[in-house]
Amino acid sequence: MTLLAVKSDVLEFDRESLPAEIDEFFVQTAAALRRAEDPASRAASIFRLRTSINGHHKPASVKALRSILFRHVLLDLLNQGWSVALSRKRVCLKPGDTSNEDPKQAKERIRQQHLQERDAQLREPSVRDFIKQMERRRLTSQGWHSIFSVMRDGEELAQKLQAATSKTDPAEREEALASCVDPYLQYVEPKEICTETGLRLGDIWRYFRHTWTNSYRSVPGRSMALLIRDRAAANHPVIGIAALGSSVVQQSVRDAWIGWDAAGIVETFCSAPTKATVRWFCERVDTQIQALYKKDLLRDKLITSAQVRKPTEIDIERLLHESDAAIKRHRLYPDKETLKLSAENAPWKKVTATDLYRSKRCKQLAILLSIRKTILDVGLEALPLRELRSVMQTAKMRRAVTQLFRQIKAERVGICMMDITVCGAIAPYNAILGGKLVCLMLCSPELVSIYQKRYSKQVSVIASAMAGAKVVRSPKLSLLCTTSLYGGGSSQYNRLKVPAGSFGNLPAQDISYIELGMSEGFGSYHFSKETIRSADALLGRLEHGRKVNSIFGEGVNPLMRKMREALTEVGLPSEMLLKHGNRRIVYGVPLASNFSDVLMGLSDRPKYTLPLKNATQETANLGQFWRTRWLSNRIMREGILEEVAQHKLSFPVHHGAMVQIPDEESPEEGDFSLRLNS
């Protein structure tokens, strides 16, 4: 595939240089889109075209794999609103014009992009079977139950809320509302059984996740799924679901707010240095060097003990050269069997000796020795206080400080903060601002306690592989971050704040979702599963090896790096296509007042906003605040209780918390009795 030019985001291809099957696919695609009269028929045409690609037998050649990946990427672009135009000699791909979109139109466009991928997932036989199984009543340890057992009947809830509206005394009103909705937080162990229904908690969470606008994908690294349930009704119905995942390592707006960017690091550490901060800095460098396994590097004479103590530029360059050589060997011959062993029982010396971790250790040691060399060159520890400020402002010291804090960031981002990847309410609670309740539940110290319990004995894979021995790092969750699904303001997160002193032992600090700015709009969410599978198949067949082998420790954001490599392999501009342009609002949720110091490595003791001592009570306090601040006012609005009452569990079932299967043979919307009894 020969890409002639990229002009103002327009891709031009020479038809004479295109393989015959690609040129024919362009012709078929252009014809199908011309016949599409509306967005629904356009989506159906793209789905049929993708099915025609998937209908072929598994290809045997790299050439065929490139062709399949190219076609899947083309369909992904069309799903995003791109157009295709053919002339006698050229093919032009052009993105849709979004310059005149208002926020509502932009939101709907992005929503439709997500729905197309989600609906494709819901058409998969295994997913359809799972949904039908969850909706079928079966005998459990707690009697006859199905997923409907953990849905709240809207008519019953509306009647109870209606009765509460008549209470004028604040105490009586709160008591009445508490009898309507009494939330609690439940951590989801996938195979753990619900004590109310006998269903698996993991299955309950997964079912409701399929009602989200975007498709359900597993995430690498640490993850926690959570249910917010209501003990005020039988079977403790689900109010909403949430999930935390390992934080993305690079996020410019967030990093600047925390102080992880170069300017923030220099301002924090170099603007007013003291003898104590300099001593901490030097000790931290020593600790980082000592933590690295170096016996094989010493044995192979890549470095000597004397050179570690007093490194030169030649020593540093030698380590960097070996790092490059080792990573090239890893890409050609990845030792997957060793690298994918269980963290609990891994032979760490063997893992450490692999080319992947030899490369990482050599590179990290080179960086640390470069910092140590700078310290020695300026005589940092012996400098009098009056000279420290000017020395710390030199380019060499600023660079050294920045390098060390980036190493600290790599350590802390994985254990002291998490990203909120799922957060929202299901029907009928979504009508009464249950989404804000779910957000508040994530600020509970109970979540911090769950996180500590979950990961207090978790072996840190990368740290252990770098040290050649098992390393367990103490989890100190201090910050949550998230992004809006769309570029406009999020009604769920906006103005979400619990003012200081609102209840109990709350210290003089607000609990809030703080808007930090906009993301850059880069990512891989807009690529379909078929595209990702095709990219994986192609990269696995390349003779020069692959940069990403889906092995933990190879680097951050493996999917993004995999797609970048695959797009380049088929001649497409990866940076351009990875920039989906859907910029999102970034939010920070501090759980500790000194979260920045914890994440910067300047403190190991989070000062939690809400005390961990009585975490369950603090969760109840957050629920009470939600009832007073949002629920009490919401139910007084015209039409809200009628909206709640629409979600019925009486036969025939009509409930908004049901998964909508996008299949022509499925029942019409609202006629759920067929599925209920199937």
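Helices (H or I, at least four residues) and strands (E, at least two) are DSSP runs, numbered from the N terminus. All views show a predicted model, in which local features need pLDDT of at least 70 and side-chain atom pairs count only at pLDDT 80 or more, while totals for chains, interfaces and linings use all residues. Residues are numbered from 1 along each chain as its sequence is written, and side-chain values use heavy atoms, with hydrogens and water left out.

View A. The peptide bond that runs from F651 to P652 is cis, with omega near -5 degrees. P652 belongs to the loop between α28 (640-645) and α29 (673-677).

View B. A427 and P428 are joined by a cis peptide bond whose omega is about 0 degrees, and P428 lies in the loop between β10 (417-425) and α20 (434-441). Most peptide bonds are trans.

**View C. Packing of α14 against α17.** Helix α14 (residues 313-332) and helix α17 (residues 355-378) pack at an angle of about 160 degrees, with their axes 7 Å apart; axes are lines fitted to C-alpha atoms, for helices over the stretch in contact, and angles run from 0 to 180 degrees between N-to-C directions. The two helices are therefore roughly antiparallel, a term that applies to angles over 145 degrees. Residues in the contact (heavy atoms within 4.5 Å) include I316, L319 and L320 of α14 and L365, A366 and L369 of α17. By class, this contact has 10 nonpolar, 4 polar and 7 charged residues, where Ala, Val, Leu, Ile, Met, Phe, Trp, Tyr, Cys and Pro count as nonpolar, Asp, Glu, Lys and Arg as charged, and the others, Gly among them, as polar.

**View D. Two nonpolar cores.** A nonpolar core is a set of buried Ala, Val, Leu, Ile, Met, Phe, Trp, Tyr and Cys residues joined through side-chain atoms within 4.5 Å, and buried means under 20% relative accessible area (1.4 Å probe, protein chains only). The largest such core has 59 residues, and I432 is among those with the most contacts inside it. A second, separate core of 56 residues includes L297, I303, L369 and L383.

View E. H236, which is not a glycine, has a positive phi of about 50 degrees and sits in the loop between β8 (223-230) and β9 (238-246). H236 is buried, at a relative accessible area of 18%. R495, also not a glycine, has a positive phi of about 55 degrees, and at 71% relative accessibility R495 counts as exposed, the cut-off being over 50%.

Key:
Parallel < 35°, antiparallel > 145°, perpendicular 65-115°, else oblique.
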